[in-house]
Amino acid sequence: MNKNYYAILMAGGVGSRFWPVSTTDFPKQFHDMLGTGDTLIQKTFNRLATLIPKENIFILTNEIYNDLVLEQLPEVTKRQVVLEPAMRNTAPCILYASLKIQKENKDAVMIVAPSDHWIEDEKAFTDNVEQAFKYCENNDALMTLGIKPTFPNTGYGYIEYDKDSNSPIKNVNQFREKPDYETAKSFISQGNFLWNAGIFIWSAKSVVEAFKNNQPELFQLFENGINTYNSDLENDFIKENYGKAENISVDYAIMEKSKNVFVLPATFDWNDLGTWGSLYDKLEKDEDNNAVVNARTLAEDASGNMIRTKTNKVVVVDGLKDYIIVDKDEVLLIYPKAKEQDIKKVLQKVKTQFGDHLG
């Protein structure tokens, strides 16, 4: 394996739209959401490890999940777990991890990948990543993997690329925010728009330079600690300074401001597994089109439901269509799939009325 290949596996999110399974104490990336026997973070780690040496895969997460990471990924050492002492957006943690990696290996090229995505064709994923790595080894490039849209989704950001390019790797014209339905339809009809999957590839040198040029204050904040990184003094520096970082996404911080941005249209199927409905879409269905995880069901006049229990519980459903039915410990959620984006709001109401321990 190429010793210059690295990964930053992003595992700090809470995944509140997957409540009640995903909670602040135990978020979705540490659950077996698909019922496969592996948690999402385990599946992502194993996927990356087909191309990247295991010791070069860094897990970026909040400090409260340190024990969960080490428990679920026993091959990972403490050196590989990069801990955020405060909740911030993606730019601060990616810059921090990139500086650590660059200090360890100035020739490093890396992928930044979320820990909770569903990717079926793992060979195609590996081929795409390797193609991007080779390009970034030889060019000053900030690259992202774009997903060919299959329908006018309003829940994703879009990447507009140069229509005239005949190269498999395209120049990015601009990033577009989550559109309304009509705008999404027009994006797809134009043929040069991709979903933004939040998967990035670049050399350590290129990404650090991009932060230096576009986010000088943020860069200086973390550059001040360079002598402590990968040493016993690092933790003290980060605890003292991390909370001072601006709450800013890597897209806004460097991708939208840089000129050397490229996209590789991905050849693998992809789903960001952001909601119960997106999970439902990817699971096998029974004869009534219900998706069932960890449950035994008796369904009468019930179809299109997402049903999940913790321990193979018997679930009897009659007369429900297109509902989310999730049973976990103190909480039973029975909620229309059409309103799944409101689960975040419901969670806040539950916490207010019944206590924070439920979320």
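Student: Which residues make the nonpolar surface patch of about 280 Å²?
Tutor: This is a predicted model in which local features need pLDDT of at least 70 and side-chain atom pairs count only at pLDDT 80 or more, while totals for chains, interfaces and linings use all residues. Residues are numbered from 1 along each chain as its sequence is written, and side-chain values use heavy atoms, with hydrogens and water left out. Nonpolar patch members have over 30% relative accessible area and no salt bridge, and their side chains (Val, Leu, Ile, Met, Phe, Trp, Tyr) are joined within 5 Å; areas come from the Shrake-Rupley method with a 1.4 Å probe. The patch of about 280 Å² is made by L298, V314 and V316.

Student: Is V316 buried or exposed?
Tutor: V316 is found in strand 13, strands being DSSP runs of E with at least two residues and helices runs of H or I with at least four, numbered from the N terminus. Buried means under 20% relative accessible area, exposed over 50%, and partly exposed in between (1.4 Å probe, protein chains only). Because its relative accessibility is 59%, V316 counts as exposed.

Student: Which are the edge strands of the open sheet of four strands?
Tutor: The order in this sheet is 12-13-14-15, with mixed pairing, where two strands pair if DSSP finds at least two bridges between them. Strands 13 and 14, for instance, run parallel and are joined by three bridges. Each edge strand pairs on one side only, and these are strand 12 (291–300) and strand 15 (331–336).

Student: What N to O distance is found in the salt bridge of K313 and D327?
Tutor: A salt bridge is a side-chain nitrogen of Lys or Arg within 4 Å of a carboxyl oxygen of Asp or Glu. K313 is partly exposed at 40% relative accessible area, whereas D327 is buried at 17%. The side chains of K313 and D327 meet with an N to O distance of 2.7 Å. K313 belongs to strand 13 and D327 to strand 14, so the pair ties together parts 14 residues apart in sequence, at a distance, as asked, of 2.7 Å.

Student: Which residue forms a salt bridge with R176?
Tutor: R176 is partly exposed at 29% relative accessibility and stands opposite Y158. Strand 8 (residues 170–176) pairs with strand 7 in the antiparallel sense over four bridges. The closest N and O atoms are 3.2 Å apart in the salt bridge that R176 forms with E160.

Student: Which residues on the two sides of strand 7 are buried?
Tutor: In a regular strand the side chains alternate between the two faces of the sheet. Strand 7 (residues 158–161) has both faces covered, with the buried residues Y158 and E160 on one side and, on the other, I159 and Y161.

Student: How many residues apart in sequence are the parts that K239 and E63 tie together?
Tutor: The closest N and O atoms of the K239 and E63 salt bridge are 3.0 Å apart. Both residues are partly exposed, K239 at 47% and E63 at 33%. K239 lies in helix 8 and E63 in the loop between strand 2 and helix 2, so the separation in sequence is 176 residues.

Student: What distance separates the side chain of S203 from the backbone nitrogen of S206?
Tutor: S203 is found in strand 9 and counts as buried at 10% relative accessibility. A polar contact is a pair of N or O atoms within 3.5 Å, one able to donate a hydrogen and the other to accept it, and residues adjacent in sequence count only if both atoms are side-chain atoms. The side chain of S203 reaches the backbone nitrogen of S206 at 3.0 Å.

Terms used: Patch = residues over 30% accessible without salt bridge, like charges linked within 9 Å, V, L, I, M, F, W, Y side chains within 5 Å.
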